[in-house]
Each structure stands twice: as structure tokens, then as C-alpha cells.
Amino acid sequence: MQHHTHHCAVALNICSLDLVKYLFLRAVRNNNNNNNFLRCAIIRPPRDGGIRYRGLTQEQIRSVQILPEDYEIEYICRGSRIIVGPKVRKCLRNGTWTDMNQLSRCLLVCPRSWMSLENGRVALQPPGQPVEGTVLRYSCHAGFLLEGFSISHCTKLGKWDSPKPLCVCEYVYDLTVNHTNTNKKLYIGALFPMSGGWPGGQACLPAAQMALDLVNNRTDILPDYELELIHYDSMCDPGEATKLLYDLLYTEPIKIVLMPGCSSVSTLVAEAARMWNLIVFSYGSSSPALSNRQRFPTFFRTHPSATLHNPTRVRLFQKWGWTKIATIQQTTEVFTSTLDDLEERVKEAGIEISVRQSFLTDPAVAVKNLKRQDARIIVGLFYETEARKVFCEVFKEKLYGKKYVWFLIGWYADNWFKIKDPAINCTVENMTEAVEGHVTTEIVMLNPETVRGASNLTSQEFLAQLMSRLGGKNPEETGGFQEAPLAYDAVWALALALNKTVAPLRAKGWTLEDFNYNNKEITAEIYRALNTSSFEGVSGHVVFDAQGSRMAWTLIEQLQGGSYKKIGYYDSTKGNLSWYGNDKWIGLGPPADQTKVIEEFRYLSQKLFVSVSVFAGLGILLGIVCLSFNIYNSSIRYIQNSQPYLNNMTAVGCVLALAAVFPLGIDGLHIHRSQFPVVCQVVVLMLCDCVSLTNDYGLVISPQHLEPWKLYVTVAVLLAIDVLSLLIWQIMDPLHITVEKFTKEAPKEDLDVLIQPLLEHCSSEKMNTWLGVVYGYKGLLLLLGIFLAYETKSISTEKINDHRAVGMAIYNVAVLCMITAPVTMILSSQQDASFAFASLAIIFSVYITLVVLFVPKIRRLITRGEWQSEQQDTLKTGSSNNNDEEKSRQLERENRELQKIIQEKEERVTELRNQLAERQALRSRRRPSVQNQNQNHSVPSSQAEPPSYSPATDKRSLPPSFSNSSNLYQGEGKLSRNNCHNSRLPLLYK
């Protein structure tokens with residue numbers, strides 16, 4: 001009940017809260033004194049009125065749900081309406097209000113001037129105020145005759161439904177009776193919308209009256225009859241039309257045909273008219289729903305169905321290459337059914353309706369949704385008044401300009417957007433800017449050819465007479481001016497059809513004036529006559545299809561510079577488009593139907609690819625050099641003690657890893673997309689094999705010498721596992737190309753396009769699972785290699801002299817793999833960073849491996865000069881091992897050479913002793929005394945050594961073959977015999 005009081009328009013006197021307390025205390029006290037006491041609930045106010053609660057404020061009314069005994073309420077009405085019925089009600093002791101059996105209503109008062117009649121009498125029923133439902137009955141005094149309707153009803157609009165009659169003197173009437181028309185009248189009940197959503201009656205009513213005047217003046221059309229139009233203003237409102245239809249049907253005279261205007265009213269009238277056997281002929285209804293003979297069996301119209309616009313729209317969409325459109329409609333049956341038909345047609349044409357918005361009264365939200373969903377080609381279906389609201393919102397949302405095209409209905413007034421409307425807050429300049437460039441499709445309503453039709457008027461002559469009847473009104477400001485030819489031809493079509501029925505009815509014994517609402521035969525004859533109608537009218541050739549709809553051409557216009565320009569015609573029956581080629585656009589041409597998205601693949605930077613490829617190529621060259629060096633020097637003992645076969649496999653793995661850099665950088669820029677998965681498989685296989693090859697050294701490192709065939713078997717097993725795992729991967733879940741989409745980017749230029757970056761990847765359905773298997777398997781290999789390298793770091797053996805370098809290489813590969821694998825997965829969407837990180841990791845690991853393993857060997861052999869000596873030593877060692885006899889002969893030769901050298905030395909020593917003896921003899925002869933002294937202290941000659949003797953001198957004289965050899969025996973007897981010490985001679989053998 002609080003909602004009822006909230007909607008009441010009341011005039012309240014300000015009162016203190018004490019009054020409310022007093023009323024309720026009184027109610028409580030009375031309730032204690034009388035248990036039968038009931039309080040009164042708040043009641044609903046009359047329509048278009050409210051209730052005045054005496055002594056209560058608005059806030060207090062909201063908190064009150066019941067009122068005490070003797071409390072009075074007063075009804076008040078809005079505007080000029082008055083209360084009919086009890087105006088004041090009082091709460092009774094039994095909990096009810098007084099006079100509840102009498103209804104209180106707020107009604108408009110009809111003009112009181114109709115309640116008096118000169119020379120006559122007026123009977124008012126019921127007595128009282130002339131409000132809705134009041135009936136006036138007119139009669140004249142003796143000697144006067146009534147001219148006009150004898151009964152007039154007051155409508156809810158506060159108007160009488162018929163003009164005020166006159167009482168005319170009988171003498172004057174007799175003088176003019178011979179000059180008046182004695183034809184029998186046929187009445188047409190018409191509803192012309194003079195206001196509302198489509199005020200088409202402003203021009204259509206004068207056009208229909210023009211046609212009636214011409215028809216009634218023609219002696220060859222309905223010569224015995226006169227057509228008269230009884231019309232009301234429907235305001236294009238179905239609710240109002242319902243009341244007016246009731247008045248038309250239940251007040252005399254009988255109407256032979258009904259002529260409604262706008263579609264919503266025509267739908268109501270045509271559906272009800274079948275019950276009264278009435279033909280309904282509309283001049284301004286375009287709803288496709290009316291083309292339904294089961295629902296509207298007696299309906300005809302000179303206005304073509306709104307669906308006739310749709311083939312034209314579809315043809316224009318195809319002409320301008322649009323495949324995506326949007327729609328916005330007013331929620332009425334005519335526009336809903338039109339849009340349903342459009343949706344079917346565009347679907348057949350391969351065009352998509354991407355956005356479909358509707359509104360009842362306020363289009364703000366619908367327009368915002370169009371903007372948010374990037375609608376470009378927009379079809380608008382709404383009446384003229386709503387069109388102004390829509391385009392005011394369009395201006396606010398900037399949904400106009402070179403990116404947008406609006407398609408509107410063409411039957412608005414030419415200056416509809418310039419008319420000041422209090423319902424919008426946009427200026428004329430705003431509206432003009434927003435509507436510029438829109439396209440309208442309009443049924444051809446005025447014959448473009450100079451042809452005189454059934455009315456003997458050309459279309460231009462009709463327009464001239466219509467302008468004269470309008471009294472100089474601006475056609476652009478007159479509602480329904482474009483539909484006026486249809487209303488004109490509707491009267492002519494009806495008159496010609498009625499004229500055609502006269503003879504068939506006369507043959508059956510009927511006349512048109514015999515028509516009543518129960519006579520189906522006359523209705524059937526009129527229906528047949530209309531169904532076969534065909535004549536030239538001011539709107540063109542008038543003919544109806546099986547559904548009673550007019551068939552016509554479609555005019556295509558475009559608003560250019562504030563005025564409409566014809567740009568073509570379309571004949572939907574033949575599919576023929578007549579194009580003038582004068583369409584203009586704000587941009588360079590028709591806009592795109594959506595923001596054009598240009599797909600652009602992201603490719604690897606070629607500068608980066610070339611730079612990395614150069615380093616990879618140099619690394620491959622280095623690997624080949626190292627491999628060649630190792631193979632060439634494989635017979636040298638130092639190389640043999642570094643497991644050369646393992647080093648060779650490592651070099652091959654490094655070369656494969658560097659070779660994988662090249663396919664790793666190949667993308668769609670270099671090869672076709674169909675070949676991309678093959679390249680991905682090659683990359684995966686090469687990387688897996690190179691890991692296996694480079695890690696084999698760590699897996700097979702051992703203090704014992706490893707036979708080559710065992711190494712090859714180990715490598716073959718590991719490679720077989722790689723190939724088998726990749727083969728299973730490709731069979732169960734083959735690699736294929738996938739495209740990753742990134743956020744759209746706007747170009748720097750002012751273009752209506754967006755760039756859609758794309759990046760190609762090699763992927764499979766369970767890519768992460770397979771990568772996990774491969775990473776896990778290779779990770780275990782790396783961990784095992786690291787473990788073995790760590791365990792053998794302290795081993796000191798001549799057969800493995802580079803195990804520490806191998807450990808460093810394995811550590812390097814493991815660390816880079818553990819870093820590179822997750823980082824490349826994270827950077828997969830950044831092609832340059834991902835390639836740079838992965839390729840540089842491969843290059844660095846390969847370079848480090850090659851440098852650690854091979855550079856120390858090359859340096860040792862070069863700097864220590866071990867190439868020839870090691871070769872000779874290895875040659876001798878190899879020959880002695882292979883042939884003991886050859887070794888023995890070699891030792892004998894060396895012994896003979898040694899003896900020869902010893903003999904030469906002994907002879908030299910003897911010679912030196914002789915010279916020493918001669919010198920001593922000479923000195924003794926000169927100084928006998930000194931000689932004697934010297935002889936007493938001198939060493940025996942057999943034990944003295946010449947002063948010039950030096951072991952180094954003797955060592956230099958030895959052949960080179962003895963410098964590093966070992967003595968197999970020592971000639972102790974001979975050496976002692978010649979007084980030679982063992983340390984004075986170099987050892988030949990150790």
C-alpha cells in the first residue's frame with residue numbers, strides 16, 4: 001500500500017507529528033473500548049489523480065498503512081480533469097470508506113458549446129458534467145430541420161466525436177434541395193495520426209480529402225453515391241485507436257471501409273475488423289506482419305511492406321562489399337518483423353548481423369552498445385521522433401563520420417533532424433553533423449514520370465494542389481508529406497473497387513447502401529474488386545500482391561550537405577539496380593564494415609640470424625679443425641691417452657649442435673608453412689643427438705682403456721633411444737604448426753585498421769608432456785655425466801690425461817641446459833629473444849667444450865716439440881713390441897757404437913797423459929828442487945784427468961740416438977781399467 005501513496009500527486013498541509021500521535025492514540029483507545037473496531041487501509045487513487053491526506057506530511061504518509069475512524073481523504077485530479085463521483089471519503093467504524101459502491105474518476109470535460117443548439121434542444125445523458133461517456137441528442141424546433149449528426153459522444157480526449165449540428169429553416173431547405181446532392185452516402189471510417197510517433201495525418205488527410213472531392217465530382221465513378229470521410233486522430237497509439245475504433249463501430253452511420261494509418265494501429269484495426277466483415281485499407285502501414293492473410297484476411301494497403309526495403313539494403317551491402325552489419329530498432333511489431341525478415345535475407349547473402357540492439361523509449365544504452373561493439377554499418381528502424389533521440393545519442397558517442405554508415409527509413413520529413421524537439425538536448429548543428437552521409441531506402445511514393453492516371457492528374461499537378469490545400473505549410477515540417485500520394489491513391493483505389501462492385505451486387509439484388517456488419521457477400525465483392533485493382537496513380541502503378549501489399553520500386557537517397565540526393569533505384573521484382581554514381585563519402589570511399597584487421601606474422605630478425613649464423617659457422621669450422629687434428633695425431637701417445645675416439649664423438653656432437661642453429665632460425669619467411677613441422681623435427685633430433693654425443697665422454701670415462709667398438713655400441717644405443725622416442729612422439733602426437741595471436745596493435749598512420757601480430761610455433765596436442773619426457777631423459781644423462789666426472793676428477797692415469805677437462809665441459813653443458821630450457825619456454829612468444837638465448841647458449845657451450853678439450857692438446861704438442869720425438873719414440877716402442885729380434889739387433893748396434901766412443905775417449909786420455917808427462921819432465925830439468933817437491937805431491941798419472949776433459953763435452957759428441965736411451969749393461973771392468981767414473985758418461989738406458 002505504500003506504493004500507492006508514493007504515486008499520488010497530493011497537496012499536503014504541513015502539520016506537526018503530534019496530530020499523527022493523537023489520531024493513533026485515539027484509534028487505540030477506541031479499540032480498547034470496542035473490540036469490534038476496524039481501522040481503514042489506504043486506498044488507491046483514481047487514474048490521472050491523487051489523494052490529499054489532511055494533516056499528514058509526505059514522509060508521514062510513507063510510514064502510515066492504516067488510518068483511524070472518521071479520518072477523511074480528498075481526491076484531486078491532474079491538469080484540467082475533474083472528479084466524477086465522490087470527491088471525499090470518510091473512514092467508518094467497520095473499517096471501510098464511505099460510498100465505495102460509487103467509482104471516482106478523473107475525466108476531461110468536453111466543450112460546453114455543444115450543449116446548446118440554436119432553434120433546437122439538447123438532451124444530456126447522463127445529467128451532469130459533459131465528460132467521457134456523455135451523450136448529446138439533438139432535435140430542432142417546429143419549422144426547422146437538423147443538418148448534421150443527431151448524436152454526439154464525448155470521448156476520453158475531451159472532444160466530441162462529431163461536429164456540432166445546425167437547425168435550418170424548412171423554407172430555406174426547400175429552396176436549396178433541388179441544388180443539393182441527392183446521392184446516397186457511403187461512409188469511410190478513417191484514423192489519421194495528427195500527432196505521435198508518426199504524424200502522417202498532417203498531409204495524408206488533406207490528400208485523402210482531395211481524392212474524395214474529385215471522386216464525388218466524377219459522374220463515371222459511383223454516380224449514385226457520395227463518399228464521406230469520418231476521421232479521428234489516432235496519435236499513432238494502439239490504446240487510443242482501440243477507443244476510437246469502438247466509437248466508429250458503435251455509432252452511426254455504418255462505415256463500409258476502415259482506413260487506419262500507422263502500422264501499430266492498422267494491426268489492431270485489421271485484426272478486429274474481420275469480426276464486423278469490414279475491409280481495412282491502409283495508406284501508411286509498412287509492417288511486414290500485416291502481410292498475413294490468415295491473421296488479417298481483409299487487409300489491403302497502398303504503402304508497400306517494410307520488407308521491400310530489405311532486398312534493396314542487401315543489394316547495397318553487396319555493392320559496397322560489406323559482410324558485417326549492425327541493427328538498432330524501436331521495440332514495435334513493425335520494426336521487429338522487418339528486422340526478422342532482414343536477418344533471413346542477409347543470412348542467405350552471407351552477411352552477418354554482428355550486433356542487434358533495441359530500445360523502447362530511451363536509445364542511450366543501445367547506442368553505447370553499438371559503439372562498444374565496434375558497429376560500423378548500422379541499420380536503424382524507428383519512427384521519426386525516436387530518430388531524433390537516437391542521433392542525439394549518436395552525436396554524443398561520436399558514432400558518425402567517415403568510419404560509419406547509417407541506413408534509415410526514407411519516409412521521414414526531409415528536415416526531420418532540424419526540427420526542435422524538447423525531448424533531446426542536442427542543437428540543430430549537432431544533429432546535422434551526426435546525420436551527414438546516411439543512406440535512406442524509400443518506397444517510390446511519387447510517380448517520377450509525367451503520366452496522367454485514373455485521377456487525371458500528374459504527380460506534379462497533385463503536389464501543386466496539395467501544397468495549395470496545406471495553406472503554404474513547409475512540406476519538410478509537415479508529417480506524412482511523402483506518404484500523401486499513397487493516401488490519395490488509397491481513396492481512388494477504394495472508389496474504383498466500390499464502383500466495380502455495383503454491377504455484380506445489382507445482379508444479386510444488392511446495393512452498396514445495403515451493407516451492414518453482418519453482410520459477408522458485399523464484403524466479398526469489395527475484396528475481389530480490390531484484389532484485382534490495377535491503375536496508374538500519382539504514386540505510380542497501383543497493384544496488390546496476394547497478401548494485399550503494394551508492389552513498388554525502391555528509391556535510394558543519401559544526405560549530402562544537409563539535403564537528400566537521389567543516388568539510385570532498385571526494382572526488387574527483377575533485381576535491377578539503377579545507379580547514378582553520385583554517392584559521396586566523408587572518407588576516400590565507402591568505409592569498411594569493421595575495423596580491418598591485418599594479420600602480420602612476426603619473423604626472426606635477419607640481422608640477428610645472420611650474426612648468430614656467422615658464429616655458428618665459425619664454430620663448425622673450429623669443430624672440424626679439432627676433429628681433423630685429433631684424427632691426424634691419433635698415433636701420438638699423448639693423444640692416445642686422452643681417449644681420441646671419445647673426443648672425436650664429442651667434436652661431431654658439437655658440430656651437430658652448431659648445425660642445429662641454422663634450422664632453429666628458419667621460419668615462415670624462408671620456407672612454406674607446410675614444411676615448418678619437418679624443420680622442427682630436424683631441430684629436435686639434432687639437438688637430442690648432439691646432447692647424447694657430447695655427454696658420452698662423461699658416461700664412459702674410466703681408468704681402463706675403452707675399446708672403440710664398445711664406444712660405438714654405447715653411442716649407437718643412445719642415438720637409437722633418441723630416434724625411437726622421437727618416432728613415438730611423431731606417430732602418437734605429431735608436431736604441427738600453431739599460430740599464436742597477440743594483442744591487436746594500432747598503426748602509426750591514421751588508418752582504420754589494426755595490426756594482428758601472429759607468431760608461428762611448432763607444437764603438438766601434448767607438447768608439455770613430450771618435452772617433459774625428453775628433458776627428463778636428457779637431464780638424467782647430464783646428471784649421470786656430472787656424477788661420473790666428479791667421481792673421476794682425482795684419478796691420475798697415463799691412459800686418461802684429460803678427465804678434468806671433460807668434467808669442465810660436462811658442467812658447462814649441464815649448467816647452460818638447465819638455464820636455457822626454462823628460459824626459452826618463458827620467452828617462446830618473443831621470437832628474437834628466444835632464438836638469441838637458445839642459439840647463443842648452444843654456441844657458448846660448444847665453444848667452451850672445444851676449447852677445453854682440444855686447445856690444451858694442440859698447445860702441448862706445439863710448445864713442447866713433442867710431435868717428432870713422440871712419433872719416433874712411439875715408432876721405436878711399437879717396433880720393439882712387435883719384433884723382439886729387431887729390438888735385440890738395435891741394442892747390439894747401440895752397444896757397438898758405445899764401445900767405439902769409449903775407445904776414442906781412452907785414446908784421447910792416453911794422448912793427454914803423454915803430453916802431461918812431457919811437460920813435467922821439462923819442468924823437472926829446469927827446477928830440480930821444484931820438481932822434487934812436485935813429484936812428492938803429484939797424483940799418479942794413471943788416476944789424473946786432463947784439464948780439458950768434461951762430461952758435457954763427451955755428452956755433446958754422443959749421437960742423438962743415445963741422448964735419451966738407457967744402458968742395458970755397464971762395462972765396469974773396462975771403465976775401471978781406464979779410470980773412468982760411471983757418472984762421467986751419460987746413461988743410455990734407464
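The model is a predicted one: local features need pLDDT of at least 70, side-chain atom pairs count only at pLDDT 80 or more, and totals for chains, interfaces and linings use all residues. Residues are numbered from 1 along each chain as its sequence is written, and side-chain values use heavy atoms, with hydrogens and water left out.

Of the 990 residues of the protein chain, 45% are buried (under 20% relative accessible area; exposed is over 50%, partly exposed in between, with a 1.4 Å probe and protein chains only). The chain carries 28 helices and 30 strands, taken as DSSP runs numbered from the N terminus (helices are H or I with at least four residues, strands E with at least two). Look at contacts (heavy atoms within 4.5 Å) between residues at least 6 apart in sequence, and 69% of them join residues at least 24 apart.

α11 covers residues 384-397, 14 residues in all, and reaches 20 Å from its first C-alpha to its last, close to the 20 Å expected at 1.5 Å a residue. That expected span is 1.5 Å times one less than the number of residues. α11 is mostly covered, with eleven of its 14 residues buried; among them are R388, F391 and F395. The cover over those buried residues includes strands β18 (324-330), β19 (352-359) and β21 (405-409), along with helices α10 (364-372) and α12 (428-435). Just after α11, K398 takes a positive phi of about 60°.

Further along, the UniProt record (an unreviewed entry) puts the feature "transmembrane region" at several stretches, including 608-633 and 835-855. UniProt positions are given in the numbering used here, feature names are shortened, and annotations may be inferred rather than shown by experiment. In the model, residues 608-633 are 96% helix and 0% strand, with end C-alpha atoms 38 Å apart. Residues 835-855 come out at 100% helix and 0% strand, and their end C-alpha atoms lie 28 Å apart.

On to charge pairs: the structure holds 22 salt bridges (a side-chain nitrogen of Lys or Arg within 4 Å of a carboxyl oxygen of Asp or Glu). Here are some of them.

| Pair | N to O distance |
|---|---|
| K87 and E74 | 4.0 Å |
| R295 and E271 | 3.3 Å |
| E525 and K508 | 2.8 Å |

K87 and E74 meet in a salt bridge, and this pair links distant parts of the chain: K87 sits in the loop between β5 (82-84) and β6 (88-90), E74 in strand β4 (residues 72-77), 13 residues apart. K87 is partly exposed at 45% relative accessible area, while E74 is buried at 14%.

R295 and E271 also pair up in a salt bridge, with R295 in the loop between β16 (279-282) and β17 (299-301) and E271 in helix α7 (residues 263-273), 24 residues apart. R295 is partly exposed at 27%, and E271 is partly exposed at 36%.

E525 forms a salt bridge with K508; E525 lies in helix α15 (residues 520-531) and K508 in the loop between α14 (484-507) and α15, 17 residues apart. E525 is buried at 9%, whereas K508 is partly exposed at 48%. Finally, salt bridges that share partners join R52, E74 and K87 into one network.
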